[in-house]
Amino acid sequence: MRTEKLYYEDYFLKECEATVIAVGKQGVVCDQTVAFPEGGGQEGDRGFLIINENEKIAFTDTQKGVGDVFLEQDFPTINVNTPIYHCVAEEALEKFEVGMKIKVCIDIERRARLTVSHTAIHLVLMAIEKIRGEKDIIRYVKGAAIKEEDARLDFFFREKLNDEQLDKINEYVNQIIADDCKIELYPHAKQKEAVYWKCLDYICACGGTHLPSTKYVGAVSVIKKSKGKNLQRITVKFPNVQLPLDLYHETMSLS
Ligand SMILES: [Zn+2]
């Protein structure tokens, strides 16, 4: 069982028609969807499934199921060709049946916040690499939480970031945002669900949603907090963000 993931064709699609292919405790699975599942620290989408023309059933989370393992030396191991579960209340499950035509609509305000949040934390990663003069800083990450209000990474560092370095990180990230640098997402040559993220000369594997360029993030503040001897939590906040809701559209843009 697999769901066609329309977000890989267009990350700003806010709705789609779909056919139900499975209904179970984990949720409703369709042949295709625009809803982005939880993964890589980013929380799952929420929204509505529309049945019988106009009956709206809320889904409160989106989860990825089990599929094929994509195993390559130049990419982190991920699951591909998976089903996507739209998580609805248990009592709403009986309203769905296999073969039913429905519409999937995501909460674009939440998606836009999660997208800003994910992009912001990538810029922080870029800044940490630059300031520490060290490549592949992501290998020190022990946990990630990309939420609507902020994004954070927990690092295991031999030597934690100090106040002066934190000031430089704030300066660097806000400069990249002011410069409105282009952000590109592109697939691995062997697998379209294995995606790379690129901004300036920084490239990393990424399982999230992103903005077309850095200006949308708005000014950020990066803070640090000790979580133990070698554990440091780096959080990025974007209190003045103007959500780029106009990037989202109803029909696929062919780019
Ligand atoms: Zn990412």
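The questions and answers below concern a predicted model.

Reader: How many helices and strands does the secondary structure of the protein come to?
Author: The model is predicted, and the elements are counted over the protein. Its secondary structure comes to 2 helices and 17 strands.

Reader: Which radius of gyration does the protein have, and what would a compact globule have?
Author: The protein has 255 residues, and a compact globule of that length would have a radius of gyration near 18 Å. The C-alpha atoms fill a box of roughly 60 × 35 × 35 Å along the principal axes.

Reader: Among contacts between residues at least 6 apart in sequence, what percentage joins residues at least 24 apart?
Author: A contact here means heavy atoms within 4.5 Å. Of the contacts between residues at least 6 apart in sequence, the share that joins residues at least 24 apart is 70%.

Reader: How many aromatic pairs are found in the whole structure, and is the pair of Y7 and F36 stacked or tilted?
Author: The search of the whole structure finds 10 aromatic pairs. In the pair of Y7 and F36, the ring centres are 4.6 Å apart and the planes stand at 55°. Planes under 30 degrees apart count as stacked and those over 60 as edge-to-face, so the angle of 55° makes this pair tilted.

Reader: Where in the chain do Y7 and F36 lie, and how many residues apart are they?
Author: Y7 is in the loop between β1 (4-5) and β2 (15-24), while F36 is in the loop between β4 (32-33) and β5 (47-51). The pair thus links distant parts of the chain, with a separation of 29 residues.

Reader: Does Y7 count as buried or exposed, and which does F36 count as?
Author: Buried means under 20% relative accessible area. Y7 has 2% relative accessibility, and F36 has 3%. Y7 therefore counts as buried, and F36 likewise counts as buried.

Reader: Is the pair of F155 and F157 stacked or tilted?
Author: Both F155 and F157 are buried. Their ring centres lie 4.8 Å apart and their planes are at 5°, so the pair is stacked.

Reader: Where is L200, and what is its phi?
Author: L200 is placed in the loop between β14 (191-199) and β15 (202-205). At 46% relative accessibility, L200 counts as partly exposed. L200 is not a glycine, yet its phi is positive, at about 50°.

Terms used. Residues are numbered from 1 along each chain as its sequence is written. This is a predicted model: local features need pLDDT of at least 70, side-chain atom pairs count only at pLDDT 80 or more; totals for chains, interfaces and linings use all residues. Side-chain values use heavy atoms; hydrogens and water are left out. Helices (H or I, at least four residues) and strands (E, at least two) are DSSP runs, numbered from the N terminus. The radius of gyration is taken over C-alpha atoms; the globule rule is 2.2 Å times the number of residues to the power 0.38. Rings of Phe, Tyr and Trp (its six-membered ring) pair if their centres lie within 6.5 Å; planes under 30 degrees apart count as stacked, over 60 as edge-to-face and the rest as tilted. Buried means under 20% relative accessible area, exposed over 50%, partly exposed in between (1.4 Å probe, protein chains only).
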